[in-house]
Amino acid sequence: MSTMRLDDLKQYSDVLRSRHGEAVTVRFVEPRDAGALQNYFRSLTTRSRYNRFLGAASELPPSELDRFIHVGEADRFSVIATMLIDGRETIVGEARYAFDSETASIEFGLSIDDRWQGHGIGKALLKNLECRAASFGAARVFGDTLRSNDAMIALARKAGYAFTNTPGDWKLTRFQKQVHVEPQEIPCASWRLAAVSPSAMSSLAA
């Protein structure tokens, strides 16, 4: 898939709900979000950053931040989960995913702001990523996490993911799930539209 036009990204936003009913908007990252996204990663606890990046990191390196904010390059996509807090759009979570057409799979990683963990945002974001995977025609979704990342492992287990060893790295475990959703049955309206109308996605090509 080619790079998407930024002026068309809003139609692929979704409004989810936290466990307590708060609105959580999931939308593609845009270049204007660079500063806020970097501040989000800096605000995570050391442990949360370690879990997200599978190693020590205080922030996103400039090259990686650049990749985060340019949606669609090499079929890699970044989204942020935001909430209105004191009248301001605030990032409370993020995810990055990549589609591999050869294996018909989507690999992803995500994080939730430590202050908002336990509010059901991770569960809602995970389900939204499954919608996006189905719209690509992916047969499975998977991610790798540290064996010590109890929160991610618990989230994936509750969401019905199976676990296996990560090839080549004993410190990680892989969680994966088959996608058994027809395009017309995708529960996220914006991604159902994209799936049943291939031209809707190809029209975004720059």
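In what follows, a charge sits over a ring if NZ of Lys or CZ of Arg is within 6 Å of the ring centre and within 35 degrees of the ring normal. Arginine 96 meets this description: it lies over the face of phenylalanine 68, 5.1 Å from the ring centre. A second case is arginine 132, whose charged end sits over the ring of phenylalanine 28 at 5.3 Å from its centre.

Before I continue, a word on the source. This is a predicted model, in which local features need pLDDT of at least 70 and side-chain atom pairs count only at pLDDT 80 or more, while totals for chains, interfaces and linings use all residues. Residues are numbered from 1 along each chain as its sequence is written, and side-chain values use heavy atoms, with hydrogens and water left out.

I turn to the aromatic pairs. Rings of Phe, Tyr and Trp (its six-membered ring) pair if their centres lie within 6.5 Å; planes under 30 degrees apart count as stacked, over 60 as edge-to-face and the rest as tilted. The whole structure contains eleven such pairs. In one of them, tyrosine 40 and phenylalanine 41 have ring centres 5.3 Å apart and planes at 70°, so the pair is edge-to-face. Both tyrosine 40 and phenylalanine 41 are buried, where buried means under 20% relative accessible area, exposed over 50%, and partly exposed in between (1.4 Å probe, protein chains only).

Tyrosine 161 and phenylalanine 175 also pair edge-to-face, at 5.8 Å centre to centre with 75° between the planes. Helices (H or I, at least four residues) and strands (E, at least two) are DSSP runs, numbered from the N terminus. Tyrosine 161 lies in the loop between α5 (150-158) and β7 (162-165), and phenylalanine 175 in strand β8 (residues 172-178), so the pair ties together parts 14 residues apart in sequence. Tyrosine 161 is buried at 5% relative accessibility, and phenylalanine 175 is buried at 2%. Elsewhere, one aromatic cluster is formed by Phe28, Phe77, Tyr97, Phe99 and Phe136.

Finally, the sheet. Two strands pair if DSSP finds at least two bridges between them. Eight strands form an open sheet with mixed pairing, in the order β1-β2-β3-β4-β5-β6-β8-β7. Its edge strands, β1 (14-17) and β7, each pair on one side only. How do β6 and β8 pair, and over how many bridges? Strand β6 (residues 140-146) and β8 are antiparallel, joined by seven bridges. Leucine 146 stands opposite leucine 172 in β8.
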